2 protein chains.
Amino acid sequence: MSPEWYHKDRFLATRPAIASAIHRTPVLRSRTFDQWVGGELFFKCEPFQRMGAFKMRGAAHAIARLDEAARRRGVATHSSGNFAQALALAAREAGIPAWIVMPSNAPAVKVAAVRGYGGQIVTCAPTLQAREETLEAVVAETGATFIHPFDNEDVILGQGTAAQELIEEVGTLDAIVAPVGGGGLVGGTAIAALHLSPATRIYAAEPEGAGDAWQSKRANRLILQTNPQTIADGLRTSLGQLTFPLIRDLVHDVLLVSEAQIVEAMARTFERLKIVVEPSAAVAVAAVLHHNALFRGKRTGVILSGGNVDLKKLGELFSA
Amino acid sequence: MSPEWYHKDRFLATRPAIASAIHRTPVLRSRTFDQWVGGELFFKCEPFQRMGAFKMRGAAHAIARLDEAARRRGVATHSSGNFAQALALAAREAGIPAWIVMPSNAPAVKVAAVRGYGGQIVTCAPTLQAREETLEAVVAETGATFIHPFDNEDVILGQGTAAQELIEEVGTLDAIVAPVGGGGLVGGTAIAALHLSPATRIYAAEPEGAGDAWQSKRANRLILQTNPQTIADGLRTSLGQLTFPLIRDLVHDVLLVSEAQIVEAMARTFERLKIVVEPSAAVAVAAVLHHNALFRGKRTGVILSGGNVDLKKLGELFSA
């Protein structure tokens, strides 16, 4: 029934292809969180993934699937977030070049991180048009393969390996909650559950201030994000042509949370789980805390997507 | 050769006695840290321990060793730090009362934490004399057993189970580094290594501003701490009558680190390991980073002792 690209055999071939490039991250529990929610929570901890986020899985998989000629030419993407770092690191590990198109207003700390992982940075004006034109020029000049940060089959399948490891480690779950931005993580999660634990309900957690997945799910068509307003900087993007159908067909519901709930969930995660999470990861935590009626008496997986947060900003966030 | 209280049989009986009360915490690795040090590091992650620190191990063990009559009367201690919370929680789990003597100037957040774990708080004036008199009065009135936060055989043996789990999980280590305050953790660590991996060198990591263990080790006699100056609030105390001989006889050396090195190590741990650590835990990280000649080409365990840090203070710490 599922489109060919995410058939079971192809999904199950994913993790072996990336096993040497990624960490198998731990699953942690907290009795306090369990009490708050009234159910059992299993936190899949991607902040401990290489470069600090699940994006490493998809990037490594996209590179693993290239043929020899394409590997020689390298890869390219546009991203100012975790995928930029992930593709740079995965490419370095594979011994191939990576060109990363970043807007001129990208935070210096993010540019430095990509450079630290060996990525070749190509700066462009901070507009969608400049970004796409610059990327096209890079691809035309170098022959590099463009790897979309989320609307790419191999990337989505790679992201699904986090949920696969979670299900293999803790057994059947009633639900899994993952944040949704472009939809690669929750889409991959839904594919993993489809094949490994089909009764598991998949929930996408989304900021109210960037609610395009919630709108798209309800409208039953892809509605693009305009003017997102959220501290969860990884979740400001629109869904894509591959990820929207996954949310439409395989994700049970989209759960919205407020900015205050995101910050509170981030603090609770630092305080109780002792894990450094970025705001985007805290969105999934906020969803289980504030939509807890869905999870009471249930076994629920929560995908903590990443932990790349600017320490200098923590004081501001936690001063309330 | 070893005093009877920490003979192998008695040490090996410890973990089974506390298994149901504690978490087996994960061991995490970081390629970046390995590169910085030039060796392999294995981080034993006690921030993920119940109530957020290794102290839960010793508290649970001290309570497990009480006879039935003593259990009915309960336990008492003086502490404004992690041991207060640990004893309160371990007592609640055992279904027995715990009286915690805390100075009137203890931070409200710590008092609230002890109360949250069910401890009965007895406030005293913020002097050593008042603390001891108040504790004696509590013990006289209630018949509770005084459990010293570190200078107690069962507590020390309990703390040693962290290193035991570490050695069992990763195999032989060339060295283990643990922070030293009262000496319960590093003392227990040395006992674990004595029995399970006798060639492992044990290093105590200590702030320069609270260098009593360093002085005591060099003087070959117990020198008390006076006027400690360090942000590592768990490490301001003196060694005790039981812990000093362990540091003298079983600990290879004491490694001093500066305040700036502690803060830097704390930031690196947040950024790279994505683990929330308190300053006392960062002292061990600072020691491997700044005494790295000792650990180059070696396999070294690092005990991250705890993660109970006030989020509101992070901004200040990381603003540099």
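This report covers the confidence, domains, sheets and chain contact of a predicted model.

## Model and conventions

The model is predicted: local features need pLDDT of at least 70, side-chain atom pairs count only at pLDDT 80 or more, and totals for chains, interfaces and linings use all residues. Residues are numbered from 1 along each chain as its sequence is written, and chains are lettered from A and ligands numbered from 1 in the order in which they are written.

The model scores ipTM 0.92 and pTM 0.94. Mean pLDDT (the predictor's confidence in each residue, from 0 to 100) is 96 for chain A. In that chain, 99% of residues reach 70 or more.

## Domains of chain A

Chain A splits into domain 1 (4–53 + 152–317) and domain 2 (56–146). The bounds come from an automatic or database domain assignment. Taken over C-alpha atoms, the centres of the two domains of chain A are 24 Å apart.

Domain 1 of chain A gives 24 residues to the contact and domain 2 of chain A gives 17. Contact here requires C-beta atoms, placed from the backbone, to lie within 7 Å. On the domain 1 side, α2 (14–18) and α9 (153–170) of chain A are the elements that give two or more residues. The largest share, eight residues, comes from α9(A). Helices (H or I, at least four residues) and strands (E, at least two) are DSSP runs, numbered from the N terminus.

By class, this side of domain 1 of chain A holds 10 nonpolar, 10 polar and four charged residues. Ala, Val, Leu, Ile, Met, Phe, Trp, Tyr, Cys and Pro count as nonpolar; Asp, Glu, Lys and Arg count as charged; the others, Gly among them, are polar.

## Four-stranded sheet, chain A

An open sheet of chain A has four strands in the order β5-β4-β3-β6, with parallel pairing. Strands pair if DSSP finds at least two bridges between them. The edges are β5 (120–124) and β6 (145–146) of chain A, each pairing on one side only.

Inside chain A, β3 (residues 75–78) and β4 (residues 98–103) run parallel, joined by four bridges. A:His78 has A:Val101 in β4(A) as its bridge partner. Helix α6 (residues 82–94) of chain A packs on the sheet and touches β3 and β4 of chain A. Its direction makes about 165° with that of β4(A). Axes are lines fitted to C-alpha atoms, for helices over the stretch in contact; angles run from 0 to 180 degrees between N-to-C directions.

## Six-stranded sheet, chain B

An open sheet of chain B has six strands, ordered β1-β2-β10-β7-β8-β9, with mixed pairing. At its edges, β1 (27–28) and β9 (253–257) of chain B each have a single partner strand, so one side of each is left without a neighbour in the sheet.

Six bridges pair β2 (residues 40–45) with β10 (residues 299–304) of chain B in the parallel sense. B:Phe43 is bridged to B:Val302 in β10(B). Helix α10 (residues 184–196) of chain B packs on the sheet, touching β7 (175–179), β8 (201–207) and β10 of chain B. Helix α14 (residues 279–290) of chain B lies across β2, β7, β8, β9 and β10 of chain B, at about 140° to β7(B).

## Contact between the chains

Chain A and chain B each bring 19 residues to their contact. In chain B, α13 (259–273) and α15 (314–317) each supply at least two residues of that side. The chain B side has 11 nonpolar, four polar and four charged residues.

The same surface serves both copies, with 100% of the contact residues of chain B recurring in chain A.

Note on methods. Two residues are in contact if their C-beta atoms, placed from the backbone, lie within 7 Å.
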